[in-house]
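Hi,

Here is the structure I promised to pass on to you. Please have a look at it first, and then read my notes below.

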Amino acid sequence: MSHLFRSVSLGLFLCLGLLLISWWNLFAWSVVPVSGADVLHAFTSFNDQSIAHRIVLDLRLPRLLTALLVGACLASAGTIMQGLTRNPLAAPSVLGVNAGAALGMALVSTLPFLYGALSTSIAAMLGGGVAWLLVMLLGSAWRVGANEHGRLVLAGVAISALCAALTKAVVIMEEDQAAGVMTWLAGSLADARWQKWQTFWPVASISLIGALGLAPSLNVLQLGEDNARNLGINLLRSKLFGSLLVLMLVGAAISAVGSIGFVGLIVPHIARLMFGQDFRLCLPVAMIIGALLVTLADTLSRAVTYPMETPAGAILALIGAPFFIYLVRKRTL
Amino acid sequence: MSLSAHQLSVGYHGHTIVKKMDLTLPDGRFIALLGPNGCGKSTLLKCFARILPAMSGEVNWQGQNLHHYPSKQLAKALALLPQTQPIPEGIKVKDLVAYGRSPYTGFWGKLSTQDHQIVEQMMQQTGTYELRDQLVSELSGGQRQRVWLAMVLAQDTPYLLLDEPTTYMDINHQVELMHQLQALNKQGKTIITVLHDINQAARYCDHLVVMKAGELKYQGSPEEVLTSAMLKDVFSLSAQIHQDPVSGTPMCVVED
């Protein structure tokens with residue numbers, strides 16, 4: 001009973017935290033002064049003449065919603081990857097998906113013969129998918145043994161570096177597009193608008209629901225492949241479905257706000273630490289924590305160099321890099 | 001109805017271990033797979049449990065190739081306890097045993113009242129009920145083996161495949177396990193187990209299958225199979241066969 005009580009109170013605490021940070025995100029560090037009360041009034045008694053109300057509803061709200069959903073997508077992508085590979089270091093940014101998706105988007109948005117041929121989110125998914133496939137093949141990830149964890153990460157680092165180099169080359173060749181691509185590579189929510197939100201939320205929501213559906217299979221997969229097969233899991237189908245979900249989640253997030261790393265790496269660990277190993281519990285919790293973390297990073301991204309903006313991706317890297325080092329040192333690779 | 005292999009070859013990385021084997025395992029029996037190390041007992045068992053694909057030939061069940069059945073349906077028919085098991089992190093005994101019910105669970109892995117009852121019953125049967133709130137990773141090797149056994153039993157399948165289930169167990173737990181398996185067999189389950197101890201096999205099992213170098217050499221009742229000639233042929237061992245004074249089953253005693 002005390003275990004249930006602990007889980008419920010932790011869950012309520014998280015939801016409350018999410019609500020408060022969302023509220024704070026809607027008014028904090030605005031060039032035109034917006035107060036916390038303005039935010040509430042914008043929802044309850046909207047005044048067309050009030051600039052503060054308009055900022056909240058037209059600029060801040062789509063930005064907040066995008067941050068929440070991006071956080072949930074990246075965190076659940078990381079959770080699924082760690083579950084599928086049974087590797088605590090697996091995450092979209094570590095295993096090359098982010099860098100591949102970035103390359104895919106850089107290619108379609110700069111090269112004239114590709115421009116308009118593919119939508120940016122499809123390009124991001126394709127790029128991420130190809131990069132991930134290469135990492136998996138190089139790291140022989142489908143045959144998991146304790147000493148192959150390091151190999152998979154090394155393959156991820158190598159492919160990420162290759163993709164990053166190619167992305168830079170593409171950007172240099174097409175200089176007039178460079179500034180836009182660079183901002184986007186750093187991952188920023190500054191350009192999140194209602195228009196983008198409309199194409200982002202359906203893909204993201206469907207993928208998140210799909211991710212929840214995968215949770216029971218991920219649980220059984222943690223017992224090892226032989227046991228999973230023995231317990232009636234169709235391994236090939238689960239892995240294909242899981243990989244497709246990861247690509248949709250990461251592709252949607254990256255095409256909405258650019259390349260944001262470390263959420264997918266850190267959040268699954270926090271969720272497991274708080275709520276244990278059951279994916280049916282820690283996957284939805286990871287979504288909430290991911291949403292919370294990205295929203296917090298977005299809020300801070302406006303504060304660090306106010307009134308200028310720092311990309312949220314940079315803020316997350318500041319938190320994420322030390323955590324990554326901690327994980328590497330804690331678990332012998 | 002029974003499980004059978006037809007011209008079955010199985011192996012790893014292009015290396016054939018079980019060679020063109022024809023074997024029918026009779027239903028409702030307590031079957032022991034015997035043979036020297038590396039003869040392919042475990043490999044054969046894994047193929048029967050569809051963990052390893054056949055290189056050629058096939059495994060049939062109810063007259064159809066095993067690999068044509070959907071995964072869930074097979075998981076309700078055949079359960080395998082592998083020889084070595086991973087040590088899952090952060091999973092409690094009761095949760096691990098409950099995973100045995102996964103082929104039956106409803107929406108989102110929800111356990112029914114009946115599932116909970118079976119899980120509890122299997123923990124009691126294997127003597128792991130007292131450990132239910134402990135982490136699997138904190139148990140001893142023998143305790144962990146019994147927890148995995150409870151999980152496989154919770155799968156509630158008519159066929160039970162075990163790969164050296166008595167490894168890591170104290171002698172009292174070994175005997176207890178063999179009695180349990182006998183009782184399960186009486187309830188109608190077909191039990192197929194790899195065993196190292198020939199006398200244990202002859203005492204508790206009612207059908208022995210002896211392999212050597214990937215081929216089937218002998219099969220039949222313990223009285224038919226356990227002979228000096230078989231031990232000489234398969235294990236290159238000189239031994240006398242006596243009658244077990246307690247159970248009356250054949251028993252081998254090694255000569256100098």
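Between domain 1 and domain 2 of chain B there is 1 salt bridge, where a salt bridge is a side-chain nitrogen of Lys or Arg within 4 Å of a carboxyl oxygen of Asp or Glu. The side chains of Asp156(B) and Lys189(B) form a salt bridge, at 3.4 Å from N to O. This is a predicted model: local features need pLDDT of at least 70, side-chain atom pairs count only at pLDDT 80 or more, and totals for chains, interfaces and linings use all residues. Residues are numbered from 1 along each chain as its sequence is written, chains are lettered from A and ligands numbered from 1 in the order written, and side-chain values use heavy atoms, with hydrogens and water left out.

The domain assignment (automatic or from a database) gives chain B domain 1 (1-77 + 159-219) and domain 2 (81-156). Their contact (heavy atoms within 4.5 Å) takes 18 residues from domain 1 of chain B and 18 residues from domain 2 of chain B. The two bury about 1,600 Å² between them, with 55% from carbon and sulfur atoms; buried area is the accessible area (1.4 Å probe) that two parts lose on being put together, summed over both.

Now for the two chains. Here 18 residues of chain A are in contact with 27 residues of chain B, and the buried area is about 1,900 Å². Leu223(A), Asn230(A) and Leu231(A) supply 33% of what chain A buries against chain B, more than any other three residues. Between chain A and chain B the count is 0 salt bridges.

Enjoy exploring!
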